[in-house]
Amino acid sequence: MTVLVTGGAGFIGANFLFYWLKAHPGDRVVCVDRLTYAGNLSTLAAVLGRPGFRFIRADICCREGMERLFREERPDVVVNFAAESHVDRSIDGPEVFLQTNVMGTAALLDACRKYETPRFHQVSTDEVYGDLPLERPDLRFTEETPLQASSPYSASKAAADLLVLAYCRTYGLPATVSRCSNNYGPFQFPEKLIPLMIANALQDKPLPVYGTGRNVRDWLYVEDHCRAIDVILQRGRPGEVYNIGGNHEMENIALVRRICQELGKPESLIAYVADRKGHDLRYAIDSGKLQQELGWQPETSFEEGIRRTVRWYLENRSWWEEIVSGEYRDYYQKMYGDRQALS
Ligand code: NAD
Ligand code: TYD
């Protein structure tokens, strides 16, 4: 079987293709990635050149390129991770989010139609549901929750989800969609909360917590997400949406304190800074459908996952130090330079 993984040089895509090559050693894995700021070929060092693995640098928005690739490879499965994925960047400049997340997904869907690809899977996010109030811990997102995206990022992901489901209904394209909560683990780009806090703490730099720090996210170890997608590909029904969640909600401030503790760094590094515009208060996902219908469960506890993640960043300093010493410095200055510390 040939599995085409888009965005495989990014955080979850890379973890997914490592997972897949291990779990399904007889399969061919083809990775297509444009290598934007978030894609890193060094992440794939362990598999580059290995038989049964091919890397192609290409933009999923390039219809000609995608057609050529589908003609050559005739994938049995396409798993679409390729996306612009950072909310703060989407607030700063939405256009590329529409381009990659919507038009890129459309280009892949059309290639799948033309080459009659047996299965397309769209990797989506719980952020398409908007947010939940902090004072209603009883509420969670189900697959029936209406889409109510808050940021340009989540709006572009919601648009892509709708397009995938429309292709399924209109053209009979065999597609599934999964909506996952916040992931963490090895190879996550240090613009996201957990790796940013680890990298800053290791450099004794301030730990910028937005607003009150009371916003809540539900954290899932990346390997559990990869296994959930595998389960959906094996047993999920085309046309269906599946929520994936870690069942581990945490306030941001508690998470940042936990990271300080794990690294032996003082909490005095924590600096409250101006809030994100439109900042979603709480995400909480009900993954009962995936658990009951397909038998998936998260396997890595948060305690185990965060320890493993911190260890990975300690043992792979060159991976993230190379990133934070490059273009990232301009990003950091732009995003955090004029964010006044509130305390
Ligand atoms: P990431 O930003 O780390 O990686 C994205 C990858 O896509 C990069 O390698 C980048 O080079 C590539 N890419 C971007 N534009 C491209 C284009 N036009 N053509 C080809 N490749 C392109 O993102 P991630 O955190 O690994 O997220 C992967 C997917 O999972 C995204 O679709 C995201 O919406 C979704 N998701 C992420 C999370 C999370 O917590 N990180 C949670 C739920 C869902
Ligand atoms: P992030 O990792 O960007 O994921 P998302 O916004 O997609 O959930 O942020 C997670 C939470 O952490 C979110 O509530 C915003 C907050 N946050 C900070 O407080 N400081 C930061 O520097 C970053 C990047 C995020």
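1. Two strands pair here if DSSP finds at least two bridges between them, and the elements are DSSP runs numbered from the N terminus: helices (H or I) of at least four residues, strands (E) of at least two. On that basis, S5 (residues 119-125) runs parallel to S6 (residues 175-180), joined by 6 bridges, and glutamine 122 sits opposite valine 177 of S6.

2. Some housekeeping: this is a predicted model, where local features need pLDDT of at least 70 and side-chain atom pairs count only at pLDDT 80 or more, while totals for chains, interfaces and linings use all residues. Residues are numbered from 1 along each chain as its sequence is written, chains are lettered from A and ligands numbered from 1 in the order in which they are written, and side-chain values use heavy atoms, with hydrogens and water left out.

3. S5 and S6 belong to an open sheet of 7 strands, ordered S3-S2-S1-S4-S5-S6-S10, with parallel pairing. Its edge strands are S3 (53-57) and S10, each pairing on one side only. From one strand to the next, the twist averages 20 degrees (axes are lines fitted to C-alpha atoms, for helices over the stretch in contact; angles run from 0 to 180 degrees between N-to-C directions). Elsewhere in the sheet, S1 (residues 2-6) pairs in the parallel sense with S2 (residues 28-33) over 5 bridges, and threonine 6 has valine 32 of S2 as its bridge partner.

4. H7 lies across S4, S5, S6 and S10, at about 145 degrees to S5.

5. There is also an open sheet of 3 strands, S7-S9-S11, with mixed pairing. Strands S7 (182-184) and S11 (249-251) are its edges, each pairing on one side only. Neighbours in this sheet are turned by 50 degrees on average, direction ignored. H7 (residues 222-235) packs here too, touching S7 and S9 (contact: heavy atoms within 4.5 Å), with its direction about 70 degrees from that of S9. S7 and S9 (residues 216-221) are parallel over 3 bridges, and asparagine 182 is bridged to tryptophan 219.

6. As for helix pairs, H6 (residues 193-202) packs on H8 (residues 252-263) at about 40 degrees, axes 10 Å apart. In this contact, H6 residues including Leu193, Met197 and Leu202 meet H8 residues including Asn252, Val256 and Leu263. The tally is 10 nonpolar, 1 polar and no charged residues.

7. By contrast, which residues of H10 meet H11? Trp312, Tyr313, Leu314 and Glu315 of H10 meet Arg317, Trp319 and Trp320 of H11. H10 (residues 302-315) and H11 (residues 317-324) pack at about 75 degrees, with axes 5 Å apart.

Definitions and conventions. Ala, Val, Leu, Ile, Met, Phe, Trp, Tyr, Cys and Pro count as nonpolar, Asp, Glu, Lys and Arg as charged, and the others, Gly among them, as polar.
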